[in-house]
Amino acid sequence: MKARVVVTLKDGILDPQGKAIEGALKSLGIDGIDSVRQGKIFEMELATGDRTHAEGLLRGACEKLLANQVIENFQVELL
Amino acid sequence: MKAAIILFPGSNREQDAIRAIEKVTGKKPSIVWHGEHALPSGIDLVVLPGGFSYGDYLRCGAIAARAPVMDAVRAHATRDGLVLGICNGFQILVEAGLLPGVLMRNANLRFVCRMQHLVVARNDTPFTSHYDKGQVIKVAIAHGEGNYEADAETLKRLEGDGRVAFRYCDEKGVVGGGANPNGSVNDIAGIYSENFRVLGLMPHPENLIDPLVGGTDGRGLFESVATLAKAG
């Protein structure tokens, strides 16, 4: 089974990289993008085919390593 | 004093830390590889040196914080052992949960490498007894992710309990403003654990040991630890 984990900064956490990208888009003349927040995507191949098991496994992976929960949220998607 | 320096793949300031400790205490620290499960016996101080452990992959310090040796470091801290995390070592300590908060990308997105003044917030801790309270010291900084952040509640607790160790200031000791190199909240350069025996800081006191290379303002930190270890 394939899975995707998306890690994003929590609301209210300053994202200087997102701000810089936002500025670069504006300077390219790409209008209409009000704000940019940068995050990370992890694409994974899982050994299991069981969705409940996969979900638990990935949540554990996020809590232990993939996300720093002081500043980041995560979302698990099973594909 | 018996000190151990933890070596991760990508650490690059361990020699500076070894030299600083040897110069101040006359004893060479042990080097402990990140894959070890135990520290040598009778260690007073564990140092997590600066560098770019695991190439800063994922988040700075994130992978090193989960290395096998970190369980032993955590146990050492639980036993009221002394732990010093410098630069990447500070990032590893927050990722390991031994200190609160997080070190974000510098607010101006630039790697800063320069001399920096700090004010010593208090001198009644294991790491600062050889300084004066409010003393301004000049040390080196070199980091891209030193922007300390914590949620409002954590920050209130840190400030309330006097757990800020050093703040960025100018040469006159005026804290913050243009003297803050990375956007750290409350101009925080270093913080203590609840029992004041774990210190994490972004600046490099270990580089300011010998007058030949710019000053000796970093010596006080190692002298303080050595004095305490001797007394203990």
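A compact globule of 79 residues would have a radius of gyration near 12 Å, whereas chain A has 16 Å; this radius is taken over C-alpha atoms, and the globule rule is 2.2 Å times the number of residues to the power 0.38. Chain B, by contrast, has a radius of gyration of 16 Å, close to the 17 Å that the rule gives for 232 residues, so chain B is as compact as a globular protein of that length. The model is predicted: local features need pLDDT of at least 70, side-chain atom pairs count only at pLDDT 80 or more, and totals for chains, interfaces and linings use all residues. Residues are numbered from 1 along each chain as its sequence is written, while chains are lettered from A and ligands numbered from 1 in the order in which they are written.

**Chain A: overall form**

- Chain A contains 2 helices and 3 strands, where helices (H or I, at least four residues) and strands (E, at least two) are DSSP runs numbered from the N terminus.
- Read from the N terminus, the elements of chain A follow the order β-α-β-α-β.
- Along the principal axes, the C-alpha atoms of chain A fill a box of roughly 45 × 25 × 15 Å.
- Of the 79 residues of chain A, 10% count as buried; a residue is buried if 20 or more other C-beta atoms lie within 10 Å of its own, exposed if 12 or fewer, and partly exposed in between, with C-beta atoms placed from the backbone.
- Among contacts in chain A with a separation of 6 or more, 68% join residues 24 or more positions apart; two residues are in contact if their C-beta atoms, placed from the backbone, lie within 7 Å.

**Chain A: confidence and local detail**

- The mean pLDDT of chain A is 94, and 100% of its residues reach 70 or more; pLDDT is the predictor's confidence in each residue, from 0 to 100.
- The 12 residues of H1(A) should span 16 Å at 1.5 Å a residue, and its end C-alpha atoms are 16 Å apart, which agrees; the expected span is 1.5 Å times one less than the number of residues.
- Just after H1(A), Gly29(A) takes a positive phi of about 80°.
- Glu72(A) belongs to strand E3 (residues 72-78) of chain A and is partly exposed, with 18 other C-beta atoms within 10 Å.
- Not counting residues up to four places away in sequence, Glu72(A) touches Val7(A), Thr8(A), Leu9(A), Lys10(A) and Ala67(A).

**Chain B: overall form**

- Chain B has 5 helices and 11 strands.
- The C-alpha trace of chain B spans about 45 × 35 × 35 Å along its principal axes.
- Buried residues make up 54% of the 232 residues in chain B.
- Residues 24 or more positions apart account for 75% of the contacts in chain B with a separation of 6 or more.

**Nonpolar cores**

- The largest nonpolar core has 75 residues, of which Ile6(B), Leu45(B), Leu93(B), Leu118(B) and Ala165(B) touch the most other members; such a core is a set of buried Ala, Val, Leu, Ile, Met, Phe, Trp, Tyr and Cys residues joined through C-beta atoms within 7 Å.
- Strand E9 (residues 164-169) of chain B gives the largest share of this core, 5 residues.
- Apart from this core lies another, of 6 residues, among them Cys62(A), Leu66(A), Ala67(A) and Phe74(A).
- Beyond residues up to four places away in sequence, the contacts of Leu118(B) include Ile137(B), Val139(B), Phe166(B) and Pro203(B).

**Contact between the chains**

- The contact takes 9 residues from chain B and 7 residues from chain A.
- The side of chain B that touches chain A has 4 nonpolar, 1 polar and 4 charged residues; Ala, Val, Leu, Ile, Met, Phe, Trp, Tyr, Cys and Pro count as nonpolar, Asp, Glu, Lys and Arg as charged, and the others, Gly among them, as polar.

**Individual residues of chain B**

- Most residues other than glycine have a negative phi.
- Tyr54(B), not a glycine, has a positive phi of about 50°; Tyr54(B) lies in the loop between strand E3 (45-48) and helix H2 (69-78) of chain B and counts as buried, with 21 C-beta neighbours inside 10 Å.
- Asn186(B), also not a glycine, has a positive phi of about 55°; Asn186(B) lies in the loop between E9 and strand E10 (188-192) of chain B and counts as partly exposed, with 15 C-beta neighbours inside 10 Å.
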